[in-house]
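Student: I would like to go through this structure feature by feature. Please start with the charged side chains and then turn to the helix packing.

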Amino acid sequence: MRKTYRVGVAVVGTLVLVLGIIAIPYPGPGWLIVFAGLAILASEFEWAKRVLRYARSKYDAWTDWLGRQPLPVRFAVLTATGLVVLATLYLLNALYLVAGWAGLGGWTWLQSPLF
């Protein structure tokens, strides 16, 4: 029974962690989901506790550093994040899908090269 529980924790924790990693660049609770996945894993695995402590310390260091930066640096980070979001939406064909809803289906340049 114990082994089955550990496998279940591993599967659920890994799924939550992967979803969080995917959600990081998007608006919303990406990092919260990552930390939740690591916390689920840390309930049964010592290595996950160490990773969780390390990740939280690096996240806190990043947010502290970014908070000390002048406005142009913060704006550059925001712009880079926005470009990552747009690029992934383009690659996943979401931009062309929304363009079709808006009656702009002729804008074929919005189609993803992957689909």
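**Salt bridges and a helix pair**

Tutor: Glu46 counts as partly exposed, at 44% relative accessibility; the class covers values between buried, under 20% relative accessible area, and exposed, over 50% (1.4 Å probe, protein chains only). Salt bridges that share partners join Arg2, Arg6 and Glu44 into one network. The model is predicted, so local features need pLDDT of at least 70 and side-chain atom pairs count only at pLDDT 80 or more, while totals for chains, interfaces and linings use all residues. Residues are numbered from 1 along each chain as its sequence is written, and side-chain values use heavy atoms, with hydrogens and water left out.

Student: How many salt bridges does a search of the whole structure find?

Tutor: A salt bridge is a side-chain nitrogen of Lys or Arg within 4 Å of a carboxyl oxygen of Asp or Glu. The search of the whole structure finds three.

Student: Which side chain meets Arg2 in a salt bridge?

Tutor: The partner is Glu44, at 3.0 Å from N to O. Arg2 belongs to helix α1 (residues 2–23) and Glu44 to the loop between α2 (30–42) and α3 (46–68), 42 residues apart, so the pair links distant parts of the chain. Helices here are DSSP runs (H or I, at least four residues), numbered from the N terminus.

Student: Is Glu44 buried or exposed?

Tutor: Glu44 is buried, with a relative accessible area of 14%, whereas Arg2 is exposed at 53%. Glu44 also forms a salt bridge with Arg6, the closest N and O atoms being 3.5 Å apart. Because Arg6 lies in helix α1 and Glu44 in the loop between α2 and α3, this pair ties together parts 38 residues apart in sequence. Arg6 is partly exposed, with a relative accessible area of 30%.

Student: Where do Lys49 and Glu46 lie?

Tutor: Both are in helix α3, three residues apart, about one turn of the helix. Lys49 is partly exposed, at 34% relative accessible area.

Student: At what angle do the axes of α2 and α3 cross?

Tutor: Axes are lines fitted to C-alpha atoms, for helices over the stretch in contact, and angles run from 0 to 180 degrees between N-to-C directions. The axes of α2 and α3 come within 8 Å and cross at roughly 155°. That makes α2 roughly antiparallel to α3, a term for angles over 145 degrees.

Technical notes. Helices (H or I, at least four residues) and strands (E, at least two) are DSSP runs, numbered from the N terminus. Angles under 35 degrees count as roughly parallel, over 145 as roughly antiparallel, 65 to 115 as roughly perpendicular and the rest as oblique.
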